[in-house]
Amino acid sequence: MSNKVLVLPGDGIGPEIVGEAAKVLECLRQEHGLQVELEQGLIGGAGYDAAGKPLPDETLRLAKASDAVLLGAVGGPKYDTLDRPLRPERGLLAIRSELELFGNLRPAILYPQLASASALKPEVVSGLNILIVRELTGGIYFGEPRGIRTLENGERQGYNTLVYRESEIERIGRLAFETARKRDKRLCSVDKANVLEVTELWREVMTRLSADYPDVELSHMYVDNAAMQLVRAPKQFDVIVTTNMFGDILSDCAAMLTGSIGMLPSASLDKNSRGMYEPIHGSAPDIAGQGVANPLATILSVGMMLRYSLNEPALAEKVEAAVGQVLDQGLRTPDIHTSDTRKVGTVAMGDAVVAALRS
Ligand code: IPM
Ligand code: MG
């Protein structure tokens with residue numbers, strides 16, 4: 001049976017990087033027997049421009065009817081002055097929530113070829129392979145009430161609400177324990193239980209769950225310390241599980257350990273492993289349209305899609321190996337370029353990955 005993949009390029013560099021990832025899928029279809037049908041849709045600013053909202057109804061319908069979604073990135077300065085509900089980022093949050101993609105897997109892997117691109121000393125990061133499991137459909141990103149109100153004295157006050165139900169903590173916890181089981185069996189739950197009651201509950205639920213996973217070693221860390229430890233000694237971590245906002249922040253931090261945020265893919269999964277796959281970087285409006293964006297995070301997101309939603313682990317490995325090969329060849333987009341390597345643009349990088357897949 002053919003897999004339906006909905007492709008949502010989005011804004012900024014989104015169309016450029018997704019174009020390269022789509023070439024990879026097309027190559028797998030033509031040459032490696034992948035049963036896949038691609039459809040295109042609009043999201044973010046592109047959705048707003050075409051249909052007046054960042055998640056057009058048609059896009060949501062197509063997404064619900066597909067096995068997986070491949071997304072580029074959303075957002076851009078042109079949309080920053082829109083009413084908040086119309087902004088591109090709201091389209092991304094809405095599709096995550098509508099598809100119930102509560103489990104966000106964000107690996108941070110250092111390719112040995114890129115050790116010198118990291119801002120940290122090679123010995124601190126060499127061999128790095130950590131996975132952040134971020135809760136994606138709850139917490140302060142979605143909690144009500146939220147808004148900006150005017151107080152009696154005329155002063156304005158912004159407010160958001162951080163809430164987690166036990167069941168929400170439990171389902172992300174189980175995903176994290178199960179993921180840790182398939183790795184080095186060490187899970188660090190990150191919270192701010194010394195200040196926030198919500199995360200006191202988070203810690204309690206994680207501790208309770210650990211009884212069901214005696215083979216996994218559970219530890220807890222406050223988020224401020226976790227940020228410091230990620231930069232000080234990142235290899236102490238295997239899997240990190242944390243809330244929506246802490247995961248947002250820590251995953252950017254972890255990304256930089258690997259040299260460039262342009263290298264890191266992500267998977268957002270529902271309870272049946274239907275998923276949306278996207279690079280963890282944003283739409284990079286400053287370099288959009290110049291053909292210099294790094295498509296590898298998006299191509300590696302296709303790898304995660306093959307593994308988690310399309311049940312094609314062997315093809316996932318092929319994609320990952322092809323990325324390794326182009327790095328071995330010394331090809332680098334500007335974000336990972338160093339003096340001893342060859343600078344290439346988005347399309348040349350995508351072509352090289354496709355060529356490696358063919359060889
Ligand atoms: C991410 C992004 C998004 C988030 C933005 C674009 C809404 O930063 O996927 O990490 O905060 O989740
Ligand atoms: Mg982010």
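The legends below describe close-up views of a predicted model.

**View 1. The residues around ligand 1.**
In this predicted model, ligand 1 is surrounded by Glu-89, Leu-92, Arg-96, Arg-106, Arg-134, Tyr-141 and Asp-248. Sorted by class, this shell consists of five charged residues and two nonpolar ones, with no polar residue. Helix H4, which spans residues 88–98, gives the most to the shell, with three residues.

**View 2. Polar contacts of ligand 1.**
An N or O atom in the side chain of Arg-96 is 2.7 Å from an oxygen atom of ligand 1. For Arg-134, a polar side-chain atom lies 2.8 Å from an oxygen atom of ligand 1. In the side chain of Asp-248, an N or O atom is 2.9 Å from an oxygen atom of ligand 1. The protein buries 76% of the 320 Å² that ligand 1 exposes when taken alone.

**View 3**
Helix H4 (residues 88–98) contributes three residues to the shell around ligand 1. The buried residues of H4 are Pro-88, Gly-91, Leu-92, Leu-93, Ile-95 and Arg-96. Just after H4 comes Glu-100, with a positive phi of about 55°.

**View 4. The aromatic pair of Tyr-48 and Tyr-79.**
The structure holds three aromatic pairs, one of which is shown here. The ring centres of Tyr-48 and Tyr-79 are 6.4 Å apart and the ring planes meet at 80°, so the pair is edge-to-face. The two residues are 31 residues apart and link distant parts of the chain: Tyr-48 belongs to helix H2 (residues 45–51), while Tyr-79 is in the loop between strand E3 (68–73) and H4. Tyr-48 has a relative accessible area of 25% and is partly exposed. Tyr-79 has a relative accessibility of 8%, so Tyr-79 counts as buried, the cut-off for buried being under 20%.

**View 5. Arginine charges over tyrosine rings.**
Two arginine–tyrosine arrangements are shown. The charged end of Arg-134 sits over the ring of Tyr-141, at 5.3 Å from the ring centre.

Note on methods: Residues numbered from 1 in each chain as written. Chains lettered and ligands numbered in written order. Predicted model: local features only at pLDDT ≥ 70, side-chain atom pairs only at ≥ 80, totals over all residues. Heavy atoms only, no water. Near = heavy atom within 4 Å. Polar contact = N/O pair within 3.5 Å; in protein donor to acceptor, adjacent residues only side chain to side chain. Areas by Shrake-Rupley, 256 points an atom, 1.4 Å probe, with all protein chains shown as cover. Helix = DSSP H or I, 4+ residues; strand = E, 2+ residues; numbered from the N terminus. Nonpolar A, V, L, I, M, F, W, Y, C, P; charged D, E, K, R; others polar. Phe/Tyr/Trp six-rings, centres within 6.5 Å; stacked < 30°, edge-to-face > 60°. Buried < 20%, exposed > 50% of the residue type's maximum accessible area, 1.4 Å probe, protein only. Lys NZ or Arg CZ within 6 Å of the ring centre and 35° of its normal.
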